[in-house]
Every structure is written in C-alpha cells, then in structure tokens.
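Hi,

Here is the structure I promised to pass along, with my notes below it. Have a look at it first, and then read on.

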Amino acid sequence: MFKGQPKGLYALALANTGERFGYYTMLAIFTLFLQAKFGYTEAVTTQIYGIFLAAVYFMPFFGGILADKFGFGKMVTLGIFVMFGGYALLSIPTDAGLGGQVLMFAALALIACGTGLFKGNLQVMVGNLYDDPQYAAKRDNAFSIFYMAINIGAMFAPSMAKWITNYFLAQDGLIYNGSIPALAHSYLELGAEMPAKTLATYQELVSSVGGNLADLTTFSEHYIEKLSSAYNMGFGVACISLVFSYLIYIFGRKTFKHADVTASQQAASGVAHEELTPAQTKSRITALMLVFAVVIFFWMAFHQNGSTMTFFARDYTTSSAEGVTRMGFDIFNLLLVIVGVYSLVGLFQAEKARGKAICTALIAAVAGILYYRYTLTPEVVEILPQEFQQFNPFYVVALTPISVAIFTALANKGKEPSAPRKIGLGMIIAAGGFLILTLGSMGLISPAELKEVGTSNMFVSQNWLMSTYLVLTFAELLLSPMGISFVSKVAPPKYKGMMMGCWFAATAIGNYATSLIGYLWASGMALWMVWSVLIVLCLLSAAFIFSIMKKLENATA
C-alpha cells in the first residue's frame, strides 16, 4: 500500500490532514452552533448548512480555472490564508443580532473561497505525481492513502469539539445538554405562555444541570451565551490547524514541486504531454459529467451526517453509552483499534519472520491495552451528539488498507471493477446504510411532534447510528477516492483544474440538496420515511450509472 509511493504524496496528504482537522472540528458543531446561538429552526439551520457546504464544494470549480491559468501551488497558498481569515472571524464571540449574523456569514464566505482555492488544486498536484509512468499504476492506491489522511484529521475533530465545548462550559459551572438551547430560545420568546408540558420539561432539564429555576430568563440567556462562546473557541482550533498545514506544505514543497505544473507551463518548457483530439476530449468530458451527475445524490445522502443525522443523535439517541459501545466514544480507543488493524494487515503482508513477530506483538499489546482500558472506563459514559461524526473517518482510516488489499488482489487477477462500476456499487451500499437507520427509526415520533412536546418519549441505541456510519463508509470508499482518482486520470490535460473543480461542484450540488431533507425533517413526515427517501434516491442513481456503464468504460478506455 505504502511501498514505492513518491514522497510528495505524503507531504501533500499531511498538509491536507491539518486543514481537514480544522474544517471538521468546525463542521462537527456548526449546526449546533447555529441553533444555540441564533435560535434557528431545523429547516433554517439545514438550509444554511446546505448552502455553506455547497459553496465550499462549488468554489473549487473557480479555483481550478484560476489554477489552470496561474498555477496550482499559488492558489493552494492563497487558499490557506483566506481560510485562516474566515475561521478567525468565526471564532469571535458576538451577540445574536444582525451584526453577529453578518460577521458569521462573512466568515463562511471566506472559508468557502479559501477552500475553493486549496482543496481541488492540492488534489490535482497529487494526480500530477502519477503522470510519471514509474508511478502510474499506483494512482488508485495513492488516492486511497490521500483520502485516509483526510480522514485522520476528521477522526480527531469531533473529540476536539467535545473537549472544547465541555471545558469552556465547565469554566462557568455548566453541563452540556442538547435539548436546552432550543427550549431556552423558546422560553425567551414565549415566557409564561410556553406550553405547560414543555415548560415542565425545561424546568427539569435546568434543574439537572444545576440551573436557577427561580430566574429562567437569566439562566436561558446565560446558557446560550456560554455555549455559543464555547463553540467559538472550537472554531478557533481551525486557525491553529491551518498554521500546521501551511508549515507542512512549505517545508515539504521540494518533494512535489515538479507536480506543480499546468499544461500550458509544460508546453512552454517543451516538456512532452498527452495530446487529445477534439473528439477524445469531448468523450472524456461527457463521461466525467455523467459520473458527476450520479455523485450528486451520494453526497446529498452522505452529508446528512452534519444535519439530520446529528439531530437524530441529539433528539432520538440515548445520551449515555454502556457495555462495549461506550469504548467507541473514546478517541484513544479508536486509535488503538486502528493500530491493531494495520498490524493485522502487516502480519499477512510481512515477508520476513521479524516483521511478522513485530506485528504479532503489536496486536497482543493493543488487545491487552484495550481490555485494561475497558476495566477502567466508567460503566456509563455520557456522550455529545457531535461525537458520532468521528465514526465515519475512523472507519475510513481503519478500512482503507483492507480495501486496498482487496482491490490490489483483484487487479492482480485482472478482475478489479472499473471506477464507474465501483461508484455504482457504492450507491447500492449507501442505500443499505439508510435502510439500517430506517429500521432504527420505526416507532419514534416525528420531528414535528418532538417540537411540540420538547423531548422524545423513546430513545434508541447508539448502535443504529454507528452501524449506519459503517455501511456508509463502505460506500464512500468505493465512491470518493476512486472518483477523485478517475477524474485525475481521465480529465483532459488542459482542463485538469476545471474538471477537478467540476467534481467538487457536483459535490456542492449534493451538499446543498441536504437542505431538502431538512425540509422533510421539519414537515411532519414520519421519521422512517425521511430515510426512505434517501434509499430510493441512492437506488435510482445506481440504476442510472449501470445503465450507461458501457458508454463510460468505452470513453475512458
């Protein structure tokens, strides 16, 4: 997996790891921040979330066009500085009035523009490393490694967000409870006119976190202010992570400098590059556009993790974990599992007895430490809704070597599926992920009913969400790194930046479409039916891509 890869891959991957750590720390608490700070409804929150994600992933289209003209490295560097400005603005505590909202939207605009300059162009340089015939056969594996590095940053982000939130709330003697912000805003708006049953629920929650029942107005204002400030500090983490990302990029530049070259720069220097006929160019672009159309629906479904799936974690999932499940909410335990998985893979791949012995010792050590930590972990562990978002990147990092090993074995036998075929299979598997969540939602009240009563009368096990994230990760590994690799390979040389930007533009449309599910969430539709809509969309997308499979494979042969 790692053997024989160019050094530039690791420098670019680690630079992206730092940036993604900050981004996903911010994203883990973003929708919670919007509702806590400004009192937005789920529909408004998911709309803002969808627009922001759409902007983040659409701006690489323009960033790619600029890079094709001015250079990939220059745009990456500029993007880091623009993103830093956005995260810095977002970390400033403000009031919830118009001024605070304007500053928040300005910060989001800067983050989106900076990401547009950074994200796609960094990945184009990764692809350029593999234009060298020496490394061409390792392209798919390289993007799996690169994607794994992204998710290492994402894996630690929710734990950082949780620690920051709890730490700063504790400074004011407060405890986090996900139901309090919405009820606090409702009380500040309605006061004594708040429905008696909802008011009683709120008073019970206030009492449970040590609040003053004699003055609910003061408590409500205080809790909202301090929770919002804690989230601001979480956004500040992204600024720090970008500094590390920039340092890695600058000091590692010598390893990938040769990949920071556009088609026009190659032509001007007399370096030979691939020439395509107009018909070949059209065929390739058409194939890419068809793939882009399909992935829209995957990202629409997948990025429910930051909106409706986070709401499900907050409103319908048990807030305390027990048994083996509780071990999954400690990031150190997840890190140990990853070490164990990589040691197991190493055991099968090691060619010498010394390597096998080291891997065996690591596996035994991991098992022993995990058992020891199990005995020390409290029988009941309190969890925050954003913590569920660490499972997807954890699964990506843990499963990547297994995925690479499977497809390498298939490739050696000449049976590896093409990238478009992998994408189609990924859509079918994604439908299976939401089927799990559909089954777990049976019998639960709708979000609209929940809003009326204040809290659910029934909570489900964390395992429903954890299992859903696991299956969605299988789908993601078939679709995302393979799709990026496909674009870097198939895109006409003159339009590499633009085509990578189009991949993200398709992702952007899917991200914006997440808000449509947000509307269904608030519409009064039964909870299980919300997830069923996503199942149908994933299956229809899979049927479409398999119906045009021959056309895609012929165009890219």
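To start with a question: is Tyr249 buried or exposed? Tyr249 counts as buried, because its relative accessibility is 1%. Please keep in mind throughout that this is a predicted model.

**Aromatic rings**

The count of aromatic pairs comes to 32. One of them joins Tyr249 and Phe256: the ring centres are 5.3 Å apart and the planes meet at 40 degrees, so this pair is tilted. Phe256 is buried too, since its relative accessibility is 0%. Elsewhere, one aromatic cluster is formed by Phe311, Phe312, Tyr316, Phe434, Trp521 and Trp531.

The charged end of Lys422 sits over Phe407, 4.1 Å from the centre of the ring, and Arg326 lies over the face of Tyr374, with 4.4 Å to the ring centre.

Leaving aside residues up to four places away in sequence, Thr438 touches Trp528, Trp531, Ser532 and Ile535. Thr438 counts as buried because its relative accessibility is 5%.

Ile164 belongs to helix 5 (residues 139-170). With 7% relative accessibility, Ile164 is buried as well. Its contacts, again without residues up to four places away in sequence, are Ala230, Met233, Gly234 and Val237. If you want a sense of scale, Ile164 and Phe329 are 165 residues apart in sequence and 16 Å apart in space, taken C-alpha to C-alpha.

Which residues make the nonpolar surface patch of about 690 Å²? They are Phe84, Ile240, Val243, Phe244, Leu247, Ile250 and Phe251. Helix 8 (residues 216-251) gives the largest share of this patch, six residues. Phe84 lies in helix 3 (residues 72-90), and its relative accessible area of 35% makes Phe84 partly exposed.

**Helix 6**

In helix 6 (residues 180-190), the buried residues include Ile180, Pro181, Leu183, Ala184, His185 and Tyr187. Among the elements that cover the buried residues of this helix are helix 1 (7-38), helix 7 (196-208) and helix 8. Just after helix 6 comes Gly191, which takes a positive phi of about 60 degrees.

**Salt bridges**

Side chains of opposite charge can pair when their charged atoms come close.

- Glu19 and Arg20 form a salt bridge whose closest N and O atoms are 2.6 Å apart. Both Glu19 and Arg20 are buried.
- Asp260 and Arg253 meet through their side chains at 3.0 Å, N to O. Asp260 is buried, with a relative accessible area of 16%, whereas Arg253 is partly exposed at 26% relative accessibility.
- Arg373 pairs with Asp330, and their closest N and O atoms are 2.6 Å apart. Arg373 is in helix 13 (residues 353-376) and Asp330 is in the loop between strand 1 (320-321) and helix 12 (331-349), so the pair ties together parts that are 43 residues apart in sequence. Arg373 is partly exposed, with a relative accessible area of 22%, and Asp330 is partly exposed, with 26%.

Happy to go through any of this with you.

Best wishes

Notes: Residues are numbered from 1 along each chain as its sequence is written. This is a predicted model: local features need pLDDT of at least 70, side-chain atom pairs count only at pLDDT 80 or more; totals for chains, interfaces and linings use all residues. Side-chain values use heavy atoms; hydrogens and water are left out. Helices (H or I, at least four residues) and strands (E, at least two) are DSSP runs, numbered from the N terminus. Buried means under 20% relative accessible area, exposed over 50%, partly exposed in between (1.4 Å probe, protein chains only). Contact means heavy atoms within 4.5 Å. Rings of Phe, Tyr and Trp (its six-membered ring) pair if their centres lie within 6.5 Å; planes under 30 degrees apart count as stacked, over 60 as edge-to-face and the rest as tilted. A charge sits over a ring if NZ of Lys or CZ of Arg is within 6 Å of the ring centre and within 35 degrees of the ring normal. Patches are made of residues with over 30% relative accessible area and no salt bridge: like charges are joined within 9 Å, nonpolar side chains (Val, Leu, Ile, Met, Phe, Trp, Tyr) within 5 Å. Accessible areas come from the Shrake-Rupley method with a 1.4 Å probe; for residues, only the protein chains shown count as cover. A salt bridge is a side-chain nitrogen of Lys or Arg within 4 Å of a carboxyl oxygen of Asp or Glu.
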